Amino acid sequence: MLSRLRTAGPRLASLRAPRASARSVTSTTIGGYEVFDHSYDAVVIGAGGAGLRAAAGLVGHGLKTACISKVFPTRSHTVAAQGGINGALANMTEDQWQWHAYDTVKGADWLGDQDAIQHMCRLAPEVILELESFGLPFSRTPEGKIYQRAFGGQSLKFGKGGQAYRCAAAADRTGHAILHTLYGMALKFDCLFFVEYFAMDLIMSDDGKCLGCVAMCMEDGSIHRFGAHSTIVATGGFGRAYQSCTSAHTCTGDGSAMASRAGLPMQDLEFVQFHPTGIFPAGCLLTEGCRGEGGILRNSEGEPFMARYAPTAKDLASRDVVSRAMTLEIREGRGVGPNKDHIYLHLDHLPPETLAERLPGISETAKIFAGVDVTKEPAPVLPTVHYNMGGIPTNWKTQVVKDAESTVVPGLLAAGEAGCASVHGANRLGANSLLDLVVFGRQAADTTAELVKPNSPPVVLPKNAGEASIARMDKIRHAKGAIPTADLRRELQVNMQKYAPVYRNADDLKKGKDVIMEVMKKYKDVGITDRTMVWNTDLIETLELENLINQAAQEMFAAEARQESRGAHAHENFPDRDDENWMKHTLSWLDKPYVEDAKVILKYRSVIDQPLDKEMHHVPPAKRVY
Amino acid sequence: MALSAFRRSLPRSLSRGFAAAAKPQTFAIYRYDPDTQAKPFLQDYTIDLKECGPMILDALIKIKDEVDATLTFRRSCREGICGSCAMNINGKNGLACLLYIEESSKPIEIQPLPHTYVVKDLVPDLTNFYNQYKSIEPWLKRKDTKAKDDKEYFQSREDRAKLDGMYECILCACCMTSCPSYWWNPEYYLGPAVLMQAYRWIADSRDQFTEERLAWVNDTMKLYRCHGIMNCTNCCPKGLDPAKAIVHLKEQVADTYKDGWKSMMTGEIVKNKGRESGMMYM
């Protein structure tokens, strides 16, 4: 029945979608390329946790929706998340969402916006139950309720009641379970996917409204312009700017760079989370849930050193605290291994049944990537780049804002790691990201439904919309420069790792700025080999490299400018938090769209320190001790 | 598994200089160019294993970065959870990121997943697989509605344990494309991964459409093309057992079969009229 139509030339992948004629796709020619125009009520760029939840929500609201993804949805990096999703379900102990919100504000080192934090923590129990109602196979308590484990930075009674157990988990494959459940939800709602379409740029009107995006179909190289009344960017982070990261190869900050090229600011890019327990040297993630189930970090002397750095929370302190502690132990000569350059994570004291039931995935990962049987020996770990707290600045409703006055950009929303609401501020608590995805993916759909009526008249795109993107893509497709993409990418990664690691200092950051400027300029000399239009991964990786450089440059400049230590930004020359001068978000721009011509501009924006309403009290700044 | 190959005391060097005693290894990789549509061929690449990570995917990336940037393959997580890099290595399906490079004087052969339409090089077209997955309706289906203050659907630990070994499937298609029955009848036979997911929802104590799901797969082509060949379980990179799930599925169909199933099925098909996919006549 599914016979394939074989034609001599490239197939039109979009027309293989059923009933394409009913979607009235029209075509034109721009810059020598055939371009297909689509119009939707809403377009979602990215099909990870946030993107899928947004797409399903939009279709649920009756809006004509397209979801564009450069990979098949279940390949998105959400699938690799392990630990769990926080929510005050109170299945293990008494619990209140206000306590969760307090923990999140403190975890963010008071750079989080308290209105967005309230929104996320208040909705957490509801979204978790919604996921479960779509079939998510949560682990269970003896009573048959959703199992919740201990996780970093989570406490009861505003920090005074001991460890909270509020991380709802599906063994140590919660991200996998969530993404596959959300994909099932999207299938149930009959969402329309454009899979393996690489989004290149946003389409903006002259008066600063977002009209949609332009994308390239990888299967046949055709270009597609998607007109939409609401565009939701949910493209994740840019961990691949670093040499060692837990991120997938696909985590290249595409949507964020698109917004940047459209003249929009990024927020708080200097705050990059180093996850304490990435396998050394492979970089694969060992969930914080290892420590949640009782795992302990030990140095070369066998000492459980976290007791010295975080007397109360110990190994379950906030991730930035643990990463710094590990880095100091290694610096002071107490690292393990022949080069004393990493730390041991011990799980061998835990009952093997616990490991089999609660941590089967990481047991397997440790065996394959470190050759270690975690029931018998410790796993070698090192702080590894894992998450970007910063991203496209939005209000709590996921609407993108473009300046310190929080002026909304009409037609553009952002959710998930790509967005910065900001719920994570200067440091994200574990298991709050999966929550962020689902809450703000849903919010993006709800906000769109408030603003856009189902079956709205098609968006009128300017005739030459996307012309610059197509010209840029064509230029890079024919690039004959001397620098292979892989070489420039390695140069970027090595230098980011060297000049902006866990501990930063003034000299390194200053040198880092110069080095990054060099990398930016070198992009014009990049050369590729593959000239085809079909599945040209050489071209795609080069476009992704520009996105990485775009984001990394803003990160380096933002980091150099912030003269304090807060959350994940640890500055050795300014070791204390400076609320008086620095309790503010960084906004960064590139002054030109393309990295080889651009300089970074920095401004600042106030933190929103008041909650949405009376159900949560404002959390005043305090010393951050675990 | 050559775990010893991983335990190296020297840090992995990033330079492309030649080490004093290089360890050359040849890879014979399937190439297909959709622009020319010329006959596919195996292209040899030789790299120094001393300057390369331990996994097959590390070798592919090194070849792409340093030798031939036109080599095309899917990859993402590199830790065996996303399922992108499924391919056929020395005749067996697996994930390139989880398979160690085993040094050999013979070239290591890397081909796309068997009996798939190849888009380019190692990239297969898996659209049929994804459509078949959608057809088994992989979401929780209930006949009642939740009251406003209802919490989660309770599920005992024993019932939850029934899902272990099935929910972990990453949809990599290694099993599907290792199955000769699926090679000969991909349009009609659902294949091991899809059948195992069908059973995952049948076995889920919270799902109330068990009978409809059983009736849906009870078909001479959809289910009964499985003849217990067992290539699926043999190659699953996550150590899952689709063959066993299919055995349970056939057992449950046989135990619960009723004559009314045929009309129940027709009812489901009618409900799905106008949808993009789902339980529909295939």
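**Exercise 1. Which residues does His77(A) touch, not counting residues up to four places away in sequence?**

*Solution.* Begin by noting that the model is a predicted one. Then locate the residue: His77(A) sits in the loop between strand S3 (65-69) and strand S4 (85-86) of chain A. With residues up to four places away in sequence left out, the residues that His77(A) touches in chain A are Thr246(A), Ser247(A), Ala248(A) and Cys251(A), and to these come Cys77(B) and Glu79(B) from chain B.

**Exercise 2. Decide whether His77(A) and Arg319(A) are buried, partly exposed or exposed.**

*Solution.* The cut-offs needed here are that buried means under 20% relative accessible area and exposed means over 50%, with partly exposed in between. His77(A) has a relative accessible area of 22%, so His77(A) is partly exposed. Arg319(A) has a relative accessibility of 4%, and therefore Arg319(A) counts as buried.

**Exercise 3. Describe the surroundings of Arg319(A).**

*Solution.* First place the residue, which belongs to helix H8 (residues 319-331) of chain A, and which the unreviewed UniProt entry lists for "active site". Next look at the neighbours, leaving out residues up to four places away in sequence: Arg319(A) touches, among others, Phe151(A), Gln273(A), His275(A), Glu288(A), His386(A) and Arg428(A). Finally, pick out Glu288(A), whose side chain makes a polar contact with the side chain of Arg319(A) at 2.9 Å.

**Exercise 4. Describe the interface of chain A and chain B by its residues, its area and its polar pairs.**

*Solution.* Start with the residues in contact, of which chain A gives 84 and chain B gives 76. Continue with the area: the two chains bury about 6,600 Å² between them, and 51% of it is on carbon and sulfur atoms. Then turn to the pairs, where the rule finds nine salt bridges across the interface; Arg75(B) and Glu541(A) meet through their side chains in a salt bridge, with 3.4 Å from N to O. The rule also finds 34 residue pairs in polar contact, both residues being at pLDDT 80 or more.

To finish, examine the side of chain A that touches chain B. Among the elements that give two or more residues to that side are helix H3 (114-133), helix H4 (174-188) and helix H15 (537-561) of chain A, and the largest share, six residues, comes from H4(A). Sorted by kind, the residues of this side divide into 33 nonpolar, 25 polar and 26 charged.

Notes:
Residues numbered from 1 in each chain as written. Chains lettered and ligands numbered in written order. Predicted model: local features only at pLDDT ≥ 70, side-chain atom pairs only at ≥ 80, totals over all residues. Heavy atoms only, no water. Contact = heavy atoms within 4.5 Å. Buried area = accessible area lost by both parts, 1.4 Å probe. Salt bridge = Lys/Arg side-chain N within 4 Å of Asp/Glu carboxyl O. Polar contact = N/O pair within 3.5 Å; in protein donor to acceptor, adjacent residues only side chain to side chain. Helix = DSSP H or I, 4+ residues; strand = E, 2+ residues; numbered from the N terminus. Nonpolar A, V, L, I, M, F, W, Y, C, P; charged D, E, K, R; others polar. Buried < 20%, exposed > 50% of the residue type's maximum accessible area, 1.4 Å probe, protein only. UniProt positions renumbered as here; feature names shortened; annotations may be inferred.
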